[in-house]
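Reader: I have a structure to look at and some questions. Can we go through them one by one?

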Amino acid sequence: MSAGVGRFIVLEGIDGSGSTTQTRRLAASLGEAGHAVLTTCQPSSGPVGTLIRSVLRGELLGPASSAGAGAPRPFQWSTLALLFAADRLDHLTNEVEPALRAGQVVLCDRYDLSSLTYQSLTAPDRASGSVSRADETVQWIRALNREARRPDLTLVLDVSAEVAEARRQARGGAEELYERRELQARLAERYLQAEALVPGDPLVHIAADAEEQVVARAVREAVRDALGI
Ligand SMILES: Nc1ncnc2c1ncn2[C@@H]1O[C@H](COP(=O)(O)OP(=O)(O)O)[C@@H](O)[C@H]1O
Ligand SMILES: [Mg+2]
């Protein structure tokens, strides 16, 4: 129907907000409407993204000692911020931009808003509550991602930390690096003010505590309203 539209849509939210579920559902709905869709995510499945996923799962071990194999290798928040930014540019070059040039609608499960929320909240200066230092942290992460193209639309799935935690527990699987209750609650608050982190980006909040189909409808409507597709 409307081939060649070439739009870049990002879905964001805390762990368990449903970003993966809603990315999949939106892809199906846009596909039914005749759009060519690429569904993808960050961290990507590329070389840097694969490395990041190993770090998040605690699979990379530090140096072995006389006591035996090493414990999970610690990565500083700033090292991770650099890896996420590197993965983002690699993913854009190799997957996202070619698809956009081919006229596809690209749906990306997480983008630099995740770096801005997660890395800024895990920077140690946040623990001291220093807002001005936190702002510097945000500026630095923004600078790292300066070359990353802006999305045509960012959908932020707002969900309470409690609902998201219950969904993660029901989903099962091992806990990852950022999946701690207090951090997730602070992330949920940050996402509520997401426009301050990506000023100028077209961004729509979606109430995502509701059941899957209800959220899917809200997501689909937001895309139609904002992009006309
Ligand atoms: N609106 C919803 N209501 C109830 N459960 C949901 C909803 N959205 C997603 N889920 C379930 O919650 C879990 C987490 O969803 P997922 O899409 O993986 O979240 P995320 O990618 O944001 O971490 C999955 O098991 C999924 O089936
Ligand atoms: Mg997910």
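Author: Start with a term. A polar contact is a pair of N or O atoms within 3.5 Å. Keep in mind that this is a predicted model.

Reader: How much of the accessible area of ligand 1 does the protein cover?

Author: On its own, ligand 1 has 550 Å² of accessible area. The share that the protein covers is 76%.

Reader: Which residue has a backbone N or O atom 2.8 Å from an oxygen atom of ligand 1?

Author: Thr 20 uses its side chain instead, with an N or O atom 2.7 Å from a ligand oxygen. The backbone atom at 2.8 Å belongs to Gly 16.

Reader: Which element gives the largest share of the shell around ligand 1?

Author: The shell has 13 residues. Two elements give two or more residues each: helix 7 (161-171) and helix 1 (19-32). The largest share is three residues, and it comes from helix 1.

Reader: How many residues of the shell around ligand 1 are charged?

Author: Two shell residues are nonpolar and six are polar. The charged ones number five.

Reader: Is Arg 101 buried or exposed?

Author: Arg 101 belongs to helix 3 (residues 77-101). Its relative accessibility is 66%. Exposed means over 50%. Therefore Arg 101 counts as exposed.

How values were computed. Residues numbered from 1 in each chain as written. Chains lettered and ligands numbered in written order. Predicted model: local features only at pLDDT ≥ 70, side-chain atom pairs only at ≥ 80, totals over all residues. Heavy atoms only, no water. Near = heavy atom within 4 Å. Polar contact = N/O pair within 3.5 Å; in protein donor to acceptor, adjacent residues only side chain to side chain. Areas by Shrake-Rupley, 256 points an atom, 1.4 Å probe, with all protein chains shown as cover. Helix = DSSP H or I, 4+ residues; strand = E, 2+ residues; numbered from the N terminus. Nonpolar A, V, L, I, M, F, W, Y, C, P; charged D, E, K, R; others polar. Buried < 20%, exposed > 50% of the residue type's maximum accessible area, 1.4 Å probe, protein only.
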